[in-house]
Amino acid sequence: MGRKKKSILVNPEREVCALCGSQTDLEWHHVMHGTANRQIADKYGLALWLCHSCHEELHSSKETIWRDIDKGLMAYAQRKFEEKYDHAKWMQLFMKNYEFTREAALWKYI
Ligand SMILES: [Zn+2]
Ligand SMILES: [Zn+2]
């Protein structure tokens, strides 16, 4: 699937949707939104596989559940990042603290 993927969240060679476990129509999702954050996410490996349908919902759905699932992933990414680097570096890059949501547990395939 294109050039080498980098992730500190999952093994990129294990191609499954991090949410539903599907192995088809996978797309590479950057955890942090916005152009600048996307580049930082790329550099530090804050990215994972999502199937097309989960990916679409995560980016487009206005439903609270999907917003919370998205935030849950950011909280998860922050924790993994801080295990590897530290809290100060996270704040320097993203300037925001992400609290765990109950929905973080829905990321079953991380
Ligand atoms: Zn999925
Ligand atoms: Zn995405």
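**Close-up 1. C17 and its contacts in the predicted model.** Look past the neighbours within four places in sequence, and C17 still touches S22, L26, W49, L50, C51, C54 and Y109. Part of that list falls in β2, which runs over 47-51, and W49, L50 and C51 are the contacts in question. C17 also belongs to the largest nonpolar core, where it is among the residues with the most contacts.

**Close-up 2. The largest nonpolar core.** This core is made of 23 residues. Besides C17, the residues with the most contacts inside it are V31, L46, L50 and A77. Which elements give two or more residues to it? They are α1 (35-44), β2 (47-51) and α3 (64-84). The top contributor is α3, which hands over six residues.

Close-up 3. The protein chain has four helices and two strands. As for contacts between residues at least 6 apart in sequence, 68% of them join residues at least 24 apart.

**Close-up 4. Overall dimensions and burial.** Why does the radius of gyration of the protein chain agree with that of a compact globule? A globule of that kind with 110 residues would come out near 13 Å, and the protein chain has 13 Å, so the two agree. Buried residues account for 24% of the 110 residues in the protein chain.

Note on methods
Residues are numbered from 1 along each chain as its sequence is written. Chains are lettered from A and ligands numbered from 1 in the order in which they are written. This is a predicted model: local features need pLDDT of at least 70, side-chain atom pairs count only at pLDDT 80 or more; totals for chains, interfaces and linings use all residues. A nonpolar core is a set of buried Ala, Val, Leu, Ile, Met, Phe, Trp, Tyr and Cys residues joined through C-beta atoms within 7 Å. A residue is buried if 20 or more other C-beta atoms lie within 10 Å of its own, exposed if 12 or fewer, and partly exposed in between; C-beta atoms are placed from the backbone. Two residues are in contact if their C-beta atoms, placed from the backbone, lie within 7 Å. The radius of gyration is taken over C-alpha atoms; the globule rule is 2.2 Å times the number of residues to the power 0.38.
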